[in-house]
Amino acid sequence: MMMKERDLLLEEPQTEEAEEPLHEVRVATTPVYYPPEFRWTNDQERCARCKRCIHQCGWKALRWEGRVVADDSKCVGCHRCEAFCPERCITILPNPQAFKEHGLWSVGHRRNLWKQAETGGVLLAGMGNDLPYQVLWDHLVLDACQVTNPSIDPAREPMELRTHLGRKPEAVEVRQNGDGFELVTALEPGIELSTPIVFAAMSYGSISLPAQKSIAMAACELGTLWNTGEGGLHDEVRPFANRAIVQCASGRFGVDVDYLNSGAGVEIKIGQGAKPGIGGHLPGEKVSQDVSETRMIPVGSDALSPAPQHDIYSIEDLRQLIFAIKEATNYEKPVSVKIAAVHNVAAIASGMVRAGADILYLDGFRGGTGAAPTTIRDHFGIPIEIAIAVVDQRLRDEGIRNQASIIAAGGIRSSADVAKAITLGADAVAIGTAALMALGCTLCQKCYTGRCSWGITTQDPQLTRRLDPNVGAQRLVNLVKAWSEELEEMLGALGVNSIESLRGSRERLRGIQLDRTTLEVLGVKPAGVGA
């Protein structure tokens, strides 16, 4: 090519418009680098064209164009449309589009990075930590009676699941009174449970009123507890307050003297397993008229809970609040303190007991939430299995274990987990995610959007009406009764007839595929090692 021709090719085209500055960059619409997470398909031959799936989808992912058409980018995999399709012609599957495998950059890391590059926002998630950390429950096995120590048949022998929460004396004094005996020792206020399973704190606002009412009704029928969370007490659930733990969190939403005296006990929330060290945030979109009245905040305003309680910066400050609440409730209610399970949880728990807490609520890093920054949810805190063991042992070593009960939460999935938690040292467990699943939740983890198609974590009246509190309560009652019956069977196999006899009996546990350090922290021997 001749020099002149090459110069002509390199020369910038001349136009009548003014030349743009060289430092400016013209940016086209940023493409979406990540494909939809799910693929929605419909068998057209079987489809009845009833449009029920369109009406059931709370995410507006489906529309009618002579047939049902899906916008896969809006599908969250909640399976509501699939469950209510009369012809069973809908299938929702993970999107099969594959990315090149990489040892460091998982598909999840890449998708999250692309989302933040597109939006510039903090990644949010609902429910608990879903990273593939080792689930310690699945590496602990229980003992069973054989020849020399016979088991007990729960069909023929009475099994005691009653549990008492609260401060207990080191010894009791009784005296004879006629043909019977009477208790001389004055007891601290406590709460009797018919089964060692309570419902975790879930506030009105984070969940719908029908969902909270379902839980409250179930707790009353079962003789256990539910927890208001930090959202106050709505008038519709006030009739069930005698089995409620009313929560006092950093935002103090809905908290007054009447509120504190309405429940069976009061809980001071310091931390939460899904988001240790940070506060709460209920988006304004979920603050309806009812929510605003219950929380005592304006309609449509964001409900922000500070990270710390601004009057608590030491154990002494915590003690002052505990006794302020006891004064406000005439020393008639036990006071619980809820913390996230963190690295020095045992020392913190010891201080809480010495500050006057009657109940310790430990929330592990798999605990659920309506909304949390994904990076906090997935990378902060410790497993509840570890927290139970170290707190129970610390309180025993200091001779103060009888001064407080332990409720364990954050990843309880079955009656087997309940039994193992109690064997590690808990008095009772709290279930949150499991309770919502009993109401229909499919763990799509989009609670923070307020678009829950199952009517559980939304305030949209068109969606909340889908959840009948009577039906929801019955499903929860069925779940807890089933777990309780299985607990009785397990107690029989262990040769004990009382759940309190199992508490802290770690010699009845053995570890499988756990390293020596983990076994030592848990206080559990490896499988194959006898007494």
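Let's start with a lysine: Lys326 counts as buried, at 7% relative accessibility. Its salt-bridge partner is Asp358, with 3.4 Å from N to O. Keep in mind that this is a predicted model.

**The buried pair**

- Asp358 is buried too, with a relative accessibility of 2%.

**Other salt bridges**

- How many salt bridges does the structure hold? The count is 25.
- One of them joins the side chains of Arg413 and Asp138, at 2.7 Å from N to O.
- That pair links distant parts of the chain, 275 residues apart. Arg413 is in the loop between β20 (405–409) and α12 (415–424), and Asp138 is in the loop between β5 (124–125) and β6 (140–142).
- Is Arg413 buried or partly exposed? With a relative accessible area of 43%, Arg413 is partly exposed.
- Arg175 and Glu182 form another salt bridge through their side chains, at 2.6 Å from N to O.
- Both ends of this one are partly exposed: Arg175 has a relative accessibility of 48%, and Glu182 has 28%.
- Salt bridges can also join up into a network, and here one links Asp392, Arg396, Arg401, Asp427, Arg503 and Arg506.

- A quick reminder: a disulfide is a covalent bond between the sulfur atoms of two cysteines.
- This structure holds 0 disulfides.
- Take Cys81, which is in no disulfide: the nearest cysteine sulfur belongs to Cys53 and is 6.3 Å away.
- Cys81 counts as buried, with a relative accessibility of 8%.
- The cut-off for a disulfide is a pair of sulfur atoms within 2.5 Å.
- Cys444 is partly exposed, at 22% relative accessible area.

**Two helices that pack together**

- Packed helices come with two handy numbers: they are described by the angle between their axes and the distance between the axes.
- For α9 and helix α11 (residues 384–397), the angle is about 50° and the axes are 8 Å apart.
- That angle makes α9 oblique to α11.
- The crossing of these two helices, α9 and α11, is right-handed.
- Which residues make the contact? On the α9 side they are Val345, Ala346, Ala347, Ala349, Ser350 and Val353. On the α11 side they are Ala387, Val390, Val391, Arg394 and Leu395.

**A threonine in a helix**

- Where is Thr464? You'll find Thr464 in helix α14 (residues 461–464).
- Thr464 is buried, with 13% relative accessible area. Buried here means under 20%.
- Leaving aside residues up to four places away in sequence, Thr464 touches Ser208, Pro210, Gly455, Thr458 and Gln459.

Conventions: Residues are numbered from 1 along each chain as its sequence is written. This is a predicted model: local features need pLDDT of at least 70, side-chain atom pairs count only at pLDDT 80 or more; totals for chains, interfaces and linings use all residues. Side-chain values use heavy atoms; hydrogens and water are left out. Buried means under 20% relative accessible area, exposed over 50%, partly exposed in between (1.4 Å probe, protein chains only). A salt bridge is a side-chain nitrogen of Lys or Arg within 4 Å of a carboxyl oxygen of Asp or Glu. Helices (H or I, at least four residues) and strands (E, at least two) are DSSP runs, numbered from the N terminus. Axes are lines fitted to C-alpha atoms, for helices over the stretch in contact, and angles run from 0 to 180 degrees between N-to-C directions. Angles under 35 degrees count as roughly parallel, over 145 as roughly antiparallel, 65 to 115 as roughly perpendicular and the rest as oblique. A crossing is left-handed if the near helix is turned anticlockwise from the far one by less than a right angle, and right-handed if clockwise. Contact means heavy atoms within 4.5 Å.
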